[in-house]
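Here is a short briefing for a reader who is new to this structure. Take a look at the model, then work through the points by topic.

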Amino acid sequence: MNRKEFIVLLVLLLVVLFLRLPSLFEPHWYGDEGITLTVGQGLSRGLVLYKDIADNKTPLLYFLTSVFNSLPLLRLILLIWVLISTSLIYLLAKSVFKVKAAAISTVIYIVLTSLPVLEGNIANGEIFFHLPNILAMLIAWHSFSKQKPKYYFLTGAFFAIGFLFKVPAVFEFVAVLLFITVYTFPRFKELFKIISFSLMGFVIPNLIVFGYFLWHKAVLDYFEYGYLWNFRYASWGNNFLIPYGNVIIEGIGVLIIFVLLFSLRRRVKPILTLIIFWLMMSFLGSILSARHYTHYFLQVVPAISILLGLIFENRRVLFYGIII
């Protein structure tokens with residue numbers, strides 16, 4: 001990163017700091033945040049997650065709040081977390097755009113995450129899994145560009161961390177696997193190696209967490225509240241003719257777009273294909289349940305930010321952007 005790029009990033013981070021400072025002084029006012037803090041405080045007193053005190057998300061957010069278990073501390077950690085996420089979105093944008101377009105992408109990201117419009121000022125799972133998921137995307141793009149399959153292990157590992165903050169983060173991992181398949185098929189040996197590294201990276205952090213709950217004799221509780229409850233939650237309002245009918249229709253839509261992009265892979269630039277998959281899958285993650293709470297749509301913000309930066313730099317992409 002040269003001096004000009006560093007100064008641009010520094011200015012952008014100062015904007016984040018300015019916009020998020022008021023959130024450090026807000027009182028308790030949002031229910032989910034209060035529940036998360038309550039669970040975290042219970043863990044800090046020695047309770048076992050899901051066995052003695054439970055909520056319906058995967059465990060990392062609760063472990064985090066067990067360490068920073070007051071609202072001011074949690075908001076301070078969120079501020080630092082978003083500063084890092086903003087830096088990563090800038091680095092990702094800069095790896096594919098010039099500085100001006102990268103700055104545009106980052107400004108859009110800052111506005112949508114640091115103003116209350118999408119509730120990004122609240123300590124919810126979506127804003128926390130931005131950091132590992134954006135980093136995973138950055139590594140995936142670097143791995144694809146440099147033809148280094150082993151780095152996909154880190155992609156899977158960071159997506160696993162995002163997933164352990166909240167289940168819908170896994171949809172973005174699927175986006176990367178779809179992208180890899182489009183540009184590696186029919187080189188089956190290479191495709192198998194990349195997917196194996198990715199899945200290995202994803203599985204290992206989950207096995208570590210599984211081991212933690214096995215040690216505390218809470219595995220069944222973990223699966224009940226961390227995973228099965230999410231299936232019940234997602235089923236609400238998603239029945240169309242059959243249970244999960246809407247989800248099945250969305251899956252068919254993903255398959256159609258995959259086939260379309262696969263057939264056009266020699267005409268569509270890889271970065272645009274990746275962004276389309278990222279945007280599509282993050283959107284599906286955000287509407288997994290028919291309970292469309294505002295902060296769910298934070299999941300779409302990184303992909304939207306990168307797409308708009310691409311449109312700014314390459315006006316021809318505007319047509320695809322309008323279709324999306």
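## Aromatic pairs and helix packing

Tryptophan 141 and phenylalanine 179 are both buried. The model is predicted. By the rule used here, it has 28 aromatic pairs.

**Two ring pairs**

- A pair of aromatic rings is described by the distance of the centres and the angle of the planes.
- The ring centres of tryptophan 81 and phenylalanine 128 are 5.3 Å apart, with the planes at 65°. Planes over 60 degrees apart count as edge-to-face, so this pair is edge-to-face.
- Tryptophan 81 sits in helix α4, residues 71-96. Phenylalanine 128 sits in helix α6, residues 125-146.
- Tryptophan 81 and phenylalanine 128 are both buried.
- The rings of tryptophan 141 and phenylalanine 179 have centres 6.4 Å apart and planes at 45°, so this pair is tilted.
- Tryptophan 141 belongs to helix α6, and phenylalanine 179 belongs to helix α8 (residues 170-184), so the pair ties together parts that are 38 residues apart in sequence.

**Helices α6 and α8**

- How are α6 and α8 oriented to each other? Their axes are 10 Å apart and the helices pack at an angle of about 10°. They are therefore roughly parallel.
- On the α6 side, the residues that meet α8 are Phe129, Asn133, Met137, Ala140, Trp141 and Phe144.
- On the α8 side, the residues are Glu172, Ala175, Val176, Phe179 and Tyr183.

**Helices α4 and α5**

- The axes of α4 and helix α5 (residues 99-114) come within 8 Å. They cross at roughly 150°.
- That angle makes α4 roughly antiparallel to α5.
- The crossing of α4 and α5 is right-handed.
- From α4, the residues in this contact include Val82, Ile89 and Tyr90. From α5, they include Ala102, Tyr109 and Ile110.

**An aromatic cluster and a charge over a ring**

- One aromatic cluster takes in Tyr50, Phe63, Phe159, Phe163, Phe173, Phe202, Phe210, Tyr212, Phe213, Tyr222, Phe223 and Tyr227.
- Elsewhere, arginine 265 places its charged end over the ring of phenylalanine 262. The distance to the ring centre is 4.0 Å.

**Phenylalanine 213**

- Phenylalanine 213 is in helix α9, residues 188-215. It is one of the residues in the aromatic cluster.
- Is phenylalanine 213 buried or exposed? Its relative accessible area is 0%, so phenylalanine 213 is buried.
- Neighbours within four places in sequence aside, phenylalanine 213 is in contact with Leu49, Tyr50, Pro59, Phe63, Ala218, Val219 and Tyr222. Among them, Tyr50, Phe63 and Tyr222 also belong to the cluster.
- Phenylalanine 213 and isoleucine 53 are 160 residues apart in sequence. In space, their C-alpha atoms are 13 Å apart.

**Glutamate 224**

- Glutamate 224 lies in helix α10, residues 219-235.
- Glutamate 224 has a relative accessible area of 27%, so it is partly exposed.
- With neighbours within four places in sequence left aside, glutamate 224 is in contact with Trp229 and Arg232.
- Glutamate 224 and isoleucine 134 are 90 residues apart along the chain. Their C-alpha atoms are separated by 29 Å.

**Backbone features in the loops**

- A cis peptide bond joins phenylalanine 185 and proline 186. Its omega is about 5°. Proline 186 is in the loop between α8 and α9.
- Tyrosine 50 is not a glycine, yet it has a positive phi of about 75°. Tyrosine 50 is placed in the loop between α2 (31-44) and α3 (60-67).
- Tyrosine 50 has a relative accessible area of 2%, so it is buried. It is also one of the cluster residues.
- Glutamate 119, a residue other than glycine, also has a positive phi, near 60°. The loop between α5 and α6 holds glutamate 119.
- Buried means under 20% relative accessible area. Glutamate 119 has 16%, so it is buried.

Definitions and conventions
Residues numbered from 1 in each chain as written. Predicted model: local features only at pLDDT ≥ 70, side-chain atom pairs only at ≥ 80, totals over all residues. Heavy atoms only, no water. Phe/Tyr/Trp six-rings, centres within 6.5 Å; stacked < 30°, edge-to-face > 60°. Helix = DSSP H or I, 4+ residues; strand = E, 2+ residues; numbered from the N terminus. Buried < 20%, exposed > 50% of the residue type's maximum accessible area, 1.4 Å probe, protein only. Lys NZ or Arg CZ within 6 Å of the ring centre and 35° of its normal. Axes fitted to C-alpha atoms, helices over the stretch in contact; angles between N-to-C directions. Parallel < 35°, antiparallel > 145°, perpendicular 65-115°, else oblique. Left-handed = near helix turned anticlockwise from the far one by under 90°. Contact = heavy atoms within 4.5 Å.
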